[in-house]
Amino acid sequence: MNRRPAHLTVREEQVLACIRRSIEEHGEGLTVREVGRLVGLRSPGSVVYHLRNLEERGALVRDGKGWRTCRLPR
């Protein structure tokens, strides 16, 4: 049973907005460190935590191993 809320947290919304903007402007996602710098997180582990939550909820899809290969679902 999935006990996570259906909505995204404020931080996850910020991370998703940064990635969406990067994909629209540059055609690819951001690195973990770039996302962290833009949303104010110093720890790459914290950024990965939010990225994984977004992936589990279906807000992001990864095409490769790295987070830079992520895309928005259709």
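Trainee: What share of the residues of the protein count as buried, and what makes a residue buried?

Mentor: In this predicted model, 31% of the 74 residues count as buried, and the word is used for a relative accessible area under 20%.

Trainee: Why is Ser22 called buried?

Mentor: Ser22, which is found in helix H1, has a relative accessible area of 5%, and because the limit is under 20%, the residue is buried. Not counting residues up to four places away in sequence, Ser22 touches Gly27, Glu28, Gly29 and Leu30.

Trainee: Why is Glu13 called partly exposed?

Mentor: Glu13 also has its place in helix H1, but its relative accessible area is 43%; buried means under 20% and exposed over 50%, so a value in between is called partly exposed. The C-alpha atom of Glu13 is separated by 9.1 Å from that of Leu54, although the two residues are 41 apart along the chain.

Trainee: How do you know that the radius of gyration of the protein agrees with that of a compact globule?

Mentor: For 74 residues a compact globule would have a radius of gyration near 11 Å, and the protein has 12 Å, so the two agree. Along its principal axes, the C-alpha trace spans about 35 × 30 × 20 Å.

Trainee: What makes a group of residues a nonpolar core, and which residues have the most contacts inside the largest one?

Mentor: The residues must be buried, belong to a set of residue types that includes Val, Ile and Leu, and be joined through side-chain atoms within 4.5 Å. The largest such core has 17 residues, and those with the most contacts inside it are Val15, Ile19, Val35, Leu51 and Leu60. Helix H1 (10–26), helix H2 (32–39) and helix H3 (44–56) are the elements that give two or more residues to this core. Ile19, leaving aside residues up to four places away in sequence, touches Leu30, Val35, Leu51, Leu60 and Cys70. In soluble globular proteins, nonpolar side chains tend to be buried together.

Key:
Residues numbered from 1 in each chain as written. Predicted model: local features only at pLDDT ≥ 70, side-chain atom pairs only at ≥ 80, totals over all residues. Heavy atoms only, no water. Rg over C-alpha atoms; globule rule 2.2 N^0.38 Å. Buried < 20%, exposed > 50% of the residue type's maximum accessible area, 1.4 Å probe, protein only. Helix = DSSP H or I, 4+ residues; strand = E, 2+ residues; numbered from the N terminus. Contact = heavy atoms within 4.5 Å.
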